[in-house]
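Got the viewer open and a selection tool at hand? Let's walk through this one stop by stop.

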Amino acid sequence: MAYIELRIRFIGELRRQDLASRFGIQSAAASRDLALYKSLAPGNIAYDSKQKTYVPGDNFAPLFEYPRERVMAWLTQGFGDGEPQALSASVPSEIPSRLTHPDLDVLAVVTRAIHRQCPLAIGYHSLSSGYSERVIVPFALFDNGLRWHVRAYDRKRQGFRDFVITRIQQPKLLTDEVPAPHELSSQDIQWTRIVEIELVPHPDQPHPEITAMDYGLPDGVLRMQLRAATVGYVLRKWSVDCSADHHLRGPEYRLWLRDPLAIYGAETAKLAPGFLVTGSNDHQTQS
């Protein structure tokens, strides 16, 4: 039942075959499960005879309460589907709580738009320009370590941007519209460009061998391939010194970007600690 609701709410569609594949059951058993869910939550799902799939009903109201962390893990990693309850830890542990969490009703509409590849009308609060109504074409979620973003084409600014999900209000699917070719993810140069970086223990930190142990650097180098659209967020999250002369000081700077020029041209490079942004590279990436 929980899996049915997850698919309907956040993906926006469910077929009997989805249940059969997920749980290894026959089509008849899947039909019984769908009938049971409909009896438990009348109005939550409807059958689209044209698409031959179940979709959210007009009066959808969640039957289960999901911890936001579990929903994001399910959406991005596929972990824990069908498990709305909190799970007990196998060993005592503490994980720092997030300060921000997406509204699940807003998130559900955003993820349906991504799955259906259709434009989305939103109200959005921007730090630079305040509130405005926009139409975006979203195609991916990503976590910058502090907030969840959606990457999308912004018709207002006529370019690709990162939108903070907690700033989105009243999203509405524009199912009758089809994205133009230039609005597709394949045209997002910053998203499709892969940046190869090498991180090494900070030259001015004592005991570089301990840093190598902490970060799993058997040969003293951590090699990564990241999207240009996200590389600056990652380097900021890990407090990587990205200055050419590794001049940043402080115990948080355990790593150094060996070749800062590797991220030149990435819009998010301005977020990298110590990276000197010049010329056309110095402009907004987040709305």
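What follows is a short tour, from model confidence to helices, sheets and a salt bridge.

**Before you click**

This is a predicted model, in which local features need pLDDT of at least 70, side-chain atom pairs count only at pLDDT 80 or more, and totals for chains, interfaces and linings use all residues. Residues are numbered from 1 along each chain as its sequence is written, and side-chain values use heavy atoms, with hydrogens and water left out.

**Colour by confidence**

Start with pLDDT, the predictor's confidence in each residue, from 0 to 100. The protein chain averages 90, and 90% of the residues score at least 70. Now select residues 279–284: pLDDT stays under 50 there, and the model has 9 contacts beyond four places in sequence for this stretch. (Contact means heavy atoms within 4.5 Å.)

**Helices H1 and H4**

Labels first: helices (H or I, at least four residues) and strands (E, at least two) are DSSP runs, numbered from the N terminus. Select H1 (residues 2–11) and H4 (residues 68–77). Their axes come within 12 Å and cross at roughly 80°, which makes H1 roughly perpendicular to H4 (65 to 115 degrees counts as that). Axes here are lines fitted to C-alpha atoms, for helices over the stretch in contact, with angles from 0 to 180 degrees between N-to-C directions.

Show side chains next: Leu6, Arg7, Phe10 and Ile11 in H1 meet Val71, Trp74 and Leu75 in H4. By class, that contact has 6 nonpolar, no polar and 1 charged residues. (Ala, Val, Leu, Ile, Met, Phe, Trp, Tyr, Cys and Pro count as nonpolar, Asp, Glu, Lys and Arg as charged, and the others, Gly among them, as polar.)

Move to E1 (residues 45–48) and E2 (residues 53–56), antiparallel strands joined by 4 bridges. Two strands pair if DSSP finds at least two bridges between them. Tyr47 stands opposite Tyr54 in E2. Of the 4 residues between the strands, click on Lys52, which takes a positive phi near 55°.

**The five-stranded sheet**

Next comes an open sheet of 5 strands with antiparallel pairing, in the order E6-E5-E4-E3-E7. E6 (159–164) and E7 (168–173) are the edge strands, each pairing on one side only. From one strand to the next, the twist averages 45°. At the E7 end, 4 bridges join it to E3 (residues 120–126), with Gln169 in E7 as the bridge partner of Gly123.

Which side chain meets Asp154 in a salt bridge? Arg134 does, at 2.9 Å, N to O. Asp154 lies in E5 (residues 148–154) and Arg134 in E4 (residues 130–143), so the pair ties together parts 20 residues apart in sequence. Counting a side-chain nitrogen of Lys or Arg within 4 Å of a carboxyl oxygen of Asp or Glu, there are 13 salt bridges.

**The mixed sheet**

Last stop: 4 strands in an open sheet, order E9-E8-E11-E10, with mixed pairing. E10 (240–241) and E11 (residues 255–257) run parallel, joined by 2 bridges; Asp241 stands opposite Trp256 in E11.

Note on methods: Angles under 35 degrees count as roughly parallel, over 145 as roughly antiparallel, 65 to 115 as roughly perpendicular and the rest as oblique.
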